[in-house]
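Hi,

Here is the structure I promised to pass on. Could you have a look at it before reading my notes below?

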Amino acid sequence: MNIVDNIGIMLFMGSDSAFLDFFALTVTNALVWVPMFIVMAYMVIKNNDNMQQILVFFGCLALMMALSAGVCNIVAKPLVERLRPCNTPELKYLVQIAGNYHAKDFSFFSSHAANTIAVTTFFAIIVRSKRLFIALFSWYLLSVWSRLYLGQHFLTDIAVGTMWGIVSAIIACYVYVKVYAKVTEKKAFISEQYTTTGFALSDINIIVTVFLLTCIAAMICGPFMQ
């Protein structure tokens with residue numbers, strides 16, 4: 001392990017707190033965030049004028065996830081074959097992992113980091129809402145913290161995953177802008193009820209609210225959700 005990864009392990013991996021154990025196990029589970037994903041999809045459907053625009057949005061989102069997760073899980077992990085911290089000989093028996101959570105696949109690089117920052121970046125560029133960006137970036141931070149805490153990734157796994165996720169989002173946004181312009185008329189949104197790209201602030205508030213409620217539920221109900 002290099003110096004950066006050693007620092008990451010010392011700072012983030014595990015603790016003696018049962019609360020943090022349950023919280024990390026809860027927020028690392030993608031199923032917990034399904035309500036937020038649903039309201040995000042609702043916002044996209046509601047704030048586009050026709051099926052072509054909706055398909056372009058979700059098509060570019062799918063392209064982004066294929067790049068983000070596909071390169072990670074199909075190319076990088078099988079090629080590098082780096083053990084997760086919780087499975088390395090020097091840490092496996094020295095650190096108690098919350099919930100005895102030992103994923104069997106490889107560590108480099110983090111698909112959680114890549115996917116969450118990709119979604120955050122994509123929506124930040126397309127929707128243009130500071131409030132939504134803060135919520136989604138907080139979600140990304142919770143996700144990568146949980147992976148470090150649970151010993152599922154080294155800090156360098158997170159760093160590389162984050163960089164690749166941003167690149168994947170930028171590629172998808174470029175395709176989106178090019179294709180979306182062909183299926184929609186150019187509009188200018190100057191109302192205080194919409195972002196500059198035409199997304200209703202009320203719908204963004206719903207997403208932020210669901211994010212906050214999910215965090216609160218994870219803190220309160222974490223022990224009962226495992």
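Just after helix 4, Glu81 takes a positive phi of about 55°; helices here are DSSP runs of H or I with at least four residues, numbered from the N terminus. This is a predicted model, where local features need pLDDT of at least 70 and side-chain atom pairs count only at pLDDT 80 or more, while totals for chains, interfaces and linings use all residues. Residues are numbered from 1 along each chain as its sequence is written, and side-chain values use heavy atoms, with hydrogens and water left out.

Helix 4 itself covers residues 51–80 and reaches 41 Å between its end C-alpha atoms, close to the 44 Å expected (1.5 Å times one less than the number of residues). At Gly70 helix 4 bends by about 40°, the angle between axes fitted to the seven residues ending there and the seven starting there. At its start, a side-chain oxygen of Asn50 comes to within 3.1 Å of the backbone nitrogen of Gln52.

Helix 6 (residues 111–127) should span 24 Å, and its end C-alpha atoms are 23 Å apart, which agrees. Because 14 of its 17 residues are buried, helix 6 is largely enclosed by the rest of the structure (buried means under 20% relative accessible area, with a 1.4 Å probe and protein chains only).

Finally, helix 7 (residues 130–149) and helix 8 (residues 155–180) pack at about 150°, with their axes 10 Å apart. They are therefore roughly antiparallel (angles over 145 degrees).

Best wishes

Terms used: Helices (H or I, at least four residues) and strands (E, at least two) are DSSP runs, numbered from the N terminus. A polar contact is a pair of N or O atoms within 3.5 Å; within protein, one must be able to donate a hydrogen and the other to accept it, and residues adjacent in sequence count only if both atoms are side-chain atoms. Buried means under 20% relative accessible area, exposed over 50%, partly exposed in between (1.4 Å probe, protein chains only). Axes are lines fitted to C-alpha atoms, for helices over the stretch in contact, and angles run from 0 to 180 degrees between N-to-C directions. Angles under 35 degrees count as roughly parallel, over 145 as roughly antiparallel, 65 to 115 as roughly perpendicular and the rest as oblique.
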